[in-house]
Amino acid sequence: MKRPKLIVSDIDGTLIPYGYGALPSDLADTVRELSRKGIAFCPASGRQYHSMRVLFHEIADDIYYISENGGAVYGRGPEGEAELISKTEIPRETALQIGRDIEAIDGSYVIISGISSSYILKTSESLFAVPMRGLGNKLTIVDRVEDIAEPIIKLAAYCPGNLDEAGDILRPKWADRVNMACAGPTWWDFTLADKGKGLIALISELGIEKDEVAAFGDNWNDAPMLRVAGTPYIMASSSDELRAIFRNHCSNVLSKIRELTA
């Protein structure tokens, strides 16, 4: 296999364990070494762009970003100056109705993403405000989903005790109309984009081929991205179903990157 020109990696469950806040200590040096070899690096996540920049603060201006599960893709450079390579909005009434449906399920809570901010309802402020701001999210608190003025690119349903039950309620209505994907042990994500479409936009921007991309992921929201990449890796900790679909398995992303780019 020839050396890739682009490395794309999911964050939570892939680069770092779920619930863990810090990146591997040697990631920044690894990315700098990739850059010296002419290889671009791009994290791909359901996280907000600003939050991703906070997490990757050592190299924030030097990498690309697929954020909001492909809803927004950004080029290199300082925040506010980096190119917005692509943006995929959900029609407003569709997005608002998904938000209402999530909130109608007992034990489920909605987070709504625009380009400039994430939004939570005042009723869930005590649940989300502190941890989200701790992750570097730009956050706005609203009384109703209808109070969100900007275009919406993603919704996330937080279902800490009822992920499968919430999925059984939401899937029949929405899975054929938007991309609905499990994004972790307590999350469903809703977008019109996905990480695969985000990766295609980035590949086009860079002028490279799909077989020049290596990608890493661990969950169903990573599957579209892994299908696009010429060299896809699923984490060894992933579900049996995903490990059966993607035959290249990985237990340590940085070790595998070094092997691929030696």
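Me: Which residues in α3 meet which ones in α5?
Reply: T94, Q97, I98, D101 and I102 in α3 meet L170, K173 and W174 in α5. Contact here means heavy atoms within 4.5 Å. This is a predicted model, where local features need pLDDT of at least 70, side-chain atom pairs count only at pLDDT 80 or more, and totals for chains, interfaces and linings use all residues. Residues are numbered from 1 along each chain as its sequence is written, and side-chain values use heavy atoms, with hydrogens and water left out.

Me: By class, what is in the contact of α3 with α5?
Reply: The contact of α3 with α5 has 4 nonpolar, 2 polar and 2 charged residues. Nonpolar covers Ala, Val, Leu, Ile, Met, Phe, Trp, Tyr, Cys and Pro; charged covers Asp, Glu, Lys and Arg; the others, Gly among them, are polar.

Me: At what angle do helix α3 and helix α5 pack?
Reply: About 160°, with the axes of α3 (residues 92–103) and α5 (residues 163–174) 11 Å apart. The helices are DSSP runs of H or I with at least four residues, strands are E runs of at least two, and both are numbered from the N terminus. Axes are lines fitted to C-alpha atoms, for helices over the stretch in contact, and angles run from 0 to 180 degrees between N-to-C directions.

Me: Are α3 and α5 roughly parallel or antiparallel?
Reply: Roughly antiparallel. Angles over 145 degrees count as that, under 35 as roughly parallel, 65 to 115 as roughly perpendicular, and the rest as oblique.

Me: Now α1 and α9. What is the angle there?
Reply: Helix α1 (residues 27–36) and helix α9 (residues 253–261) pack at about 20°, with their axes 11 Å apart. They are therefore roughly parallel to each other.

Me: Which residues make the contact?
Reply: On α1, L27, T30 and L34; on α9, L254, I257, R258 and T261. By class, that contact has 4 nonpolar, 2 polar and 1 charged residues.

Me: Change of topic. Where is E68?
Reply: E68 is in the loop between β3 (65–67) and β4 (72–74). E68 has a positive phi of about 50° although it is not a glycine.

Me: What about N69?
Reply: N69 lies in the loop between β3 and β4, and its phi is positive at about 55°, although N69 is not a glycine.

Me: Is E68 buried or exposed?
Reply: Buried, with a relative accessible area of 2%. N69 is buried as well, at 4%. Buried means under 20% relative accessible area, exposed over 50%, and partly exposed in between (1.4 Å probe, protein chains only).

Me: What does R47 touch?
Reply: Leaving aside neighbours within four places in sequence, R47 is in contact with I11, D12, I16, M52, L55, S67, E68 and L135. R47 sits in the loop between β2 (40–43) and α2 (49–55), and counts as buried at 13% relative accessibility.

Me: And I66, where does it lie?
Reply: I66 lies in strand β3. I66 is buried, with a relative accessible area of 0%. Its C-alpha atom is separated by 9.5 Å from that of D194, 128 residues apart along the chain.

Me: Last one: which side chain does N137 join by a polar contact?
Reply: That of S51, at 3.4 Å. A polar contact is a pair of N or O atoms within 3.5 Å; within protein, one must be able to donate a hydrogen and the other to accept it, and residues adjacent in sequence count only if both atoms are side-chain atoms. N137 is in the loop between α4 (125–134) and β8 (139–142).
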